[in-house]
Amino acid sequence: MTAPVSIRNATKIFGDFTALDDISLEIAAGEYIVLLGPSGCGKTTLLSLLGGFLSPSSGTIEINGKDMGDVAPAKRPTTTMFQDYALFPHMSLRDNVAFGLKMRKVGKAERHAKAEELLDMVGLKTSANKKPHELSGGQRQRVALARALAVEPDVLLLDEPLGALDLKLRRQMQDELKAIQKRVGTTFVHVTHDQEEAMAIADRIVVMNAGRIEDVGSPENIYMQPKTIFTASFMGEVNFIPGTFESATDSTISVKTSLGTVELPEFECRGFAPGASVTLAIRPEHFRASTGTGPRITLGKAKVEDGSFFGTHHRAHLSPLDYPNMTITAHMPQSAIIEPGAWVELTLDPTSVVVLHGHPPRPTPESAAP
Amino acid sequence: MISSRFSKLLSWSYLAALYGFIFLPVAVLVLFSFQDGRLPVPPFNGATLKWYGEVFSDSRLMSALTNSLMVAIGSATVACVLGFCAAYGLARFVLPASRLQRGLLIAPMTVSYLIIALGLLTTFNWLGVSLSLWTVGIGHVVINLPLCFAIIYASMGDHQKNIERAARDLGAAEWQVMTQVSAPMLMPSILAAFFLSVTFSWDEFIIAFLLSRFDVTLPVEIWSMLRSGLNPKTNAVGSVVFLVSVALLLILELIVFRRTAKK
């Protein structure tokens, strides 16, 4: 089963701390939504509002068009997958998965059959008689997923479900979660602080910061066309080049920076006035050698300070000729030879440059990486 | 070499003295329960089981033993149920003055049994409740409830809180959470509280003495036997009481602590 979720002007205040500040979000039925943000951004609070463990100070939450204001967690069409799995330690896996059905007064034979079907889906059919303490972390996680899905919720809430797993297992579970979500069609709302996990898994990412929604969009959009400096830096490594908006024509805009005036194609006018403070956000992988086709702009020459090999690319720190105090991080091709002291041309595709309002709070792009 | 041997000897004899101090009275009690003679005093004249035979054929002792078991099991059950409910409420909900309430629940531990017995006696007189095994049972609930509460409350952690939250999320009503999730999850500590309560109730004398009238528990019966002088039969029944206590502690050790250690 599946259902849309609609959050309107939700605010949650704890004492004098505003955990959620006027959040509005529409989630379509069957969507995989990831709430992404640093700790304390309010993402878990929002999940608790959906699950009914907290009630909003103001605003409404609707699931499938019904107001959830006075509905207790047990009566909501939601189930939660907890970070520590919260499996029942004294029950077999079968009884764990069947628990929700038992509470719904489903007969023993029927609920056991359903539990085994779900355990089969997560690859644990042969372990149905085991107790949770006999399982590894990844297996417990699968049982928690099966248990939460057994009651066929409209919305499944996942609270940092992969947080306790090691990296390799986490990547594997991401794929499984996504595949299972596509199979059952339930609306998934998943909370995480790991932006790679969010991009790998989400239909849409909701970036949150300090109780507000910073950005909403597909992983590609959020990564390549972030709307704010916070989103740009949270989604991965990025170089910020502060500047001033100079002018706009029908087809181009120009921004004055310490690396000279940069002419960019006008892709989306965001109401910049001449003289406004703006920041150019450039991902390290967007610096490319001057060869190749397509439009190219250059930010001048830069000296290689150091470089390290990452397998898929070389990561190099560069200091521009025009403004040596600035450090630019660039990903160079695998085959490139990175020698400290060498000079390279800062060439890039102008369409990959994002213009953002304001200046970054901290000047070095290095500190922006999460 | 000699000094190390000497210090070893010293430490072993200290150990022997320590255990002797603790267990010699019990050992003497048990030994003279086998005394083949009229008096449970040295010298030991040889072993016989006749006193045990007398104990088990003494209908008053046997009914006192049954009474003791009923009071012990009944009061321990009630104390565990009440203790669990109190612990669940105080650990899981925000209640007014919860620290004070916890303190009040544990406070009876610090009051001597004599004072508790006197207080209960006065209260029962005032209420017009006549003394019986029921009043003894109530007295034992009063002394064992703080213990049960403390043991069960201490085992309720935040991890279990999340598990209970999961149960509620899956549709369990509060009583279902308590009976199907919390209580089974806390069973090791609940059983520990139960067996300790049974042991304490089984051995308890002052409250049982002051709050009973015609039907008495075993310690009270032994006491009235003692008034007519020492007799190997009293040793035999004392040994039986001791044996049951040891058996209870062994059960506690085997069932409860082994189960906890496995997890």
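**Exercise 1. Confidence**

What pLDDT does chain B average, and what percentage of the residues score at least 70?

Solution. The structure is a predicted model.
- Step 1. The average pLDDT of chain B is 85, with 95% of the residues at 70 or above.
- Step 2. For the model, ipTM is 0.74 and pTM is 0.76.

**Exercise 2. A helix pair in chain A**

Describe how helix α4 of chain A packs with helix α5 of chain A.

Solution. 
- Step 1. Helix α4(A) spans residues 137-150 and helix α5(A) spans residues 167-184; their axes are 11 Å apart, at an angle of about 15 degrees.
- Step 2. Angles under 35 degrees count as roughly parallel, so α4(A) is roughly parallel to α5(A).
- Step 3. The crossing of α4(A) and α5(A) is right-handed.
- Step 4. From α4(A), the contact is made by A:Gly138, A:Gln141, A:Leu145 and A:Leu149; from α5(A), by A:Leu169, A:Met173, A:Ile180 and A:Val184.
- Step 5. Sorted by class, this contact of α4(A) with α5(A) has six nonpolar residues, two polar and no charged ones.

**Exercise 3. A helix pair in chain B**

Describe how helix α5 of chain B packs with helix α6 of chain B.

Solution. 
- Step 1. Helix α5(B) covers residues 113-127 and helix α6(B) covers residues 133-154; the angle between them is about 135 degrees and their axes lie 11 Å apart.
- Step 2. Angles over 145 degrees count as roughly antiparallel and 65 to 115 as roughly perpendicular; α5(B) and α6(B) are therefore oblique to each other.
- Step 3. α5(B) passes α6(B) in a right-handed crossing.
- Step 4. On the α5(B) side are B:Tyr113, B:Ile116, B:Ala117, B:Leu120 and B:Phe124, which meet B:Thr135, B:Ile138, B:Gly139, B:Val142 and B:Ile143 of α6(B).
- Step 5. The contact of α5(B) with α6(B) comprises eight nonpolar and two polar residues, with no charged ones.

**Exercise 4. The domains of chain A**

Locate the two domains of chain A and characterise the contact from the side of domain 1.

Solution. 
- Step 1. The domain assignment places domain 1 of chain A at 5-229 and domain 2 at 230-368.
- Step 2. Between the C-alpha centres of domain 1 and domain 2 of chain A the distance is 37 Å.
- Step 3. In chain A, domain 1 has twelve residues in contact with 14 residues of domain 2.
- Step 4. On the domain 1 side, the elements of chain A giving two or more residues are β9 (204-209), β10 (212-217) and α7 (219-224).
- Step 5. That side of domain 1 of chain A divides into five nonpolar, four polar and three charged residues.

**Exercise 5. Chain A against chain B**

How many residues does the contact take from chain A and from chain B? Which element supplies the largest share of the side of chain A that touches chain B?

Solution. 
- Step 1. Chain A gives 18 residues to the contact and chain B gives 16 residues.
- Step 2. On the chain A side, β6 (78-81) and α2 (93-103) are the elements that give two or more residues.
- Step 3. The largest share, three residues, is from α2(A).
- Step 4. The side of chain A that touches chain B has ten nonpolar, six polar and two charged residues.

How values were computed: Residues numbered from 1 in each chain as written. Chains lettered and ligands numbered in written order. Predicted model: local features only at pLDDT ≥ 70, side-chain atom pairs only at ≥ 80, totals over all residues. pLDDT = per-residue confidence, 0-100. Axes fitted to C-alpha atoms, helices over the stretch in contact; angles between N-to-C directions. Helix = DSSP H or I, 4+ residues; strand = E, 2+ residues; numbered from the N terminus. Left-handed = near helix turned anticlockwise from the far one by under 90°. Contact = placed C-beta atoms within 7 Å. Nonpolar A, V, L, I, M, F, W, Y, C, P; charged D, E, K, R; others polar. Domains from an automatic or database assignment.
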